[in-house]
Amino acid sequence: MINRILEAIIAALLVAAVGVAFVAVIYRYALDSALSWSFEVSLALLTYITFLGAYLALRKGAHLRVTILTDRMPRAVRGVAFLVNQVIIAIIGWIMFWDGGRQVLRFADQTTNVLEISTAWYYAAIPVAGILMLIDAACMTVLGAIRLSRGEDADPRPGETVEI
């Protein structure tokens, strides 16, 4: 359910970004007039697509993984490796949340040149994605520990979506 909502949001943002770029090209080359706001809107849309997309990829297990070593490890060692990986993801999520939040506050009083909106809106994507990744890592750690206690692999099979 959460994945579908994220996919819909990201798809809408992507359609909007393509639409803005298309209209900007038409204005520039067909009407010989530039849209002054198109760059700022495209930047905001692509920023949110990037960070929400990274979180969605984490949820779906779609980030690049090299399993040549872990596939050869005993289940318990694989479980420990999975839990260590989740801790690393949680740390990265915390850093994104903490430092991204500081960036939002630092630049809250600055505005963009054309639209004159707070640049905090650009930076807000970072702490939002960070806290979502942190929550996901915490949930996956608990789920992994439960799976290990049942004698199962801590990590769901690649491509298997786990709804939390």
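Buried means under 20% relative accessible area, exposed over 50%, and partly exposed in between (1.4 Å probe, protein chains only). The model is predicted: local features need pLDDT of at least 70, side-chain atom pairs count only at pLDDT 80 or more, and totals for chains, interfaces and linings use all residues. Residues are numbered from 1 along each chain as its sequence is written, and side-chain values use heavy atoms, with hydrogens and water left out.

**Exercise 1.** Classify Val114 by its accessibility, then find what it touches.

*Solution.* Val114 lies in the loop between H3 and H4. Helices are DSSP runs (H or I, at least four residues), numbered from the N terminus. Val114 has 38% relative accessibility, so it counts as partly exposed. Leaving out residues up to four places away in sequence, Val114 touches Ser36, Trp37 and Glu40. Contact here means heavy atoms within 4.5 Å. Trp37 is 77 residues from Val114 along the chain, yet their C-alpha atoms are separated by 5.9 Å.

**Exercise 2.** Check the span of helix H5 against its 25 residues.

*Solution.* H5 covers residues 125-149. The expected span is 1.5 Å times one less than the number of residues. That gives 36 Å, and the end C-alpha atoms are 36 Å apart, so the two agree. After H5 comes Gly151, with a positive phi near 85°.

**Exercise 3.** Name some buried residues of H5 and what covers them.

*Solution.* Among the buried residues are Met133, Asp136, Met140 and Arg147. Their cover includes helix H2 (38-60), helix H3 (75-106) and helix H4 (120-123).

Conventions:
Helix = DSSP H or I, 4+ residues; strand = E, 2+ residues; numbered from the N terminus.
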